[in-house]
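What follows is a walk through one protein model, from its overall layout down to single residues. Please keep the sequence and the 3D view at hand while reading.

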Amino acid sequence: MNPSTPPTHDVFKAQLIKARAQLLERIAYERGGVVSRADMAADHFDNSFQSRAQIQTERQTEFAMNEHETAELGDIQAALERLQAGTYGTCTDCGVTIPTARLTAYPTAKRCIDCQTLVEQHR
């Protein structure tokens, strides 16, 4: 891609599909297959040599990682759906065009910087 030419939606679609595949691959690798993180956390209870606090910490970490990965996959899927619907690159809150630089840096962005800032300030 020429640096002076803005990326097309096809380029963003390819990036999103690649990101989804890499995330799914990483999840499978980290879990040792298709075992869910919840199942992995349950396995920690079988380790009687570990303290209860250590088991609980590991279990909470597993659940947090699962939640993050699920959210990341959801963001990628939502961006792909916006691409298909023809709304990709348009802020879901105010309707302005999201700058290409933002989409290049964060392909799953659904809001412009101003709207995203407002959302983060109200959390």
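Along the sequence, the elements of the protein follow the pattern α-α-α-α-α. In this predicted model, the secondary structure amounts to 5 helices and 0 strands. The protein has 123 residues, and 25% of them count as buried. Among contacts with a separation of 6 or more, 50% come from residues 24 or more positions apart.

Two of the helices can be looked at as a pair. Two packed helices are described by the angle between their axes and by the distance between those axes. Helix α1 covers residues 9-31 and helix α3 covers residues 52-85. Their axes lie 10 Å apart, and the two helices pack at an angle of about 160°. Angles over 145 degrees count as roughly antiparallel, and α1 and α3 are therefore roughly antiparallel to each other. The crossing in which α1 passes α3 is left-handed. Sorted by class, the residues in the contact of α1 with α3 are 13 nonpolar, 7 charged and 3 polar.

The structure holds 1 aromatic pair, formed by F12 and Y88. The ring centres are 5.5 Å apart, with 50° between the planes, and the pair is classed as tilted. Where do the two partners sit? F12 lies in helix α1, while Y88 is in the loop between α3 and α4 (100-105), so the pair ties together parts that are 76 residues apart in sequence. Are F12 and Y88 buried or exposed? Both F12 and Y88 are buried.

A further loop residue is T108, found between α4 and α5 (113-121). The relative accessible area of T108 is 14%. Buried means under 20% relative accessible area, so T108 counts as buried. Which residues does T108 touch, leaving aside those up to four places away in sequence? They are L16, D75, I76, A79 and R82.

Terms used
Residues numbered from 1 in each chain as written. Predicted model: local features only at pLDDT ≥ 70, side-chain atom pairs only at ≥ 80, totals over all residues. Heavy atoms only, no water. Axes fitted to C-alpha atoms, helices over the stretch in contact; angles between N-to-C directions. Helix = DSSP H or I, 4+ residues; strand = E, 2+ residues; numbered from the N terminus. Parallel < 35°, antiparallel > 145°, perpendicular 65-115°, else oblique. Left-handed = near helix turned anticlockwise from the far one by under 90°. Nonpolar A, V, L, I, M, F, W, Y, C, P; charged D, E, K, R; others polar. Phe/Tyr/Trp six-rings, centres within 6.5 Å; stacked < 30°, edge-to-face > 60°. Buried < 20%, exposed > 50% of the residue type's maximum accessible area, 1.4 Å probe, protein only. Contact = heavy atoms within 4.5 Å.
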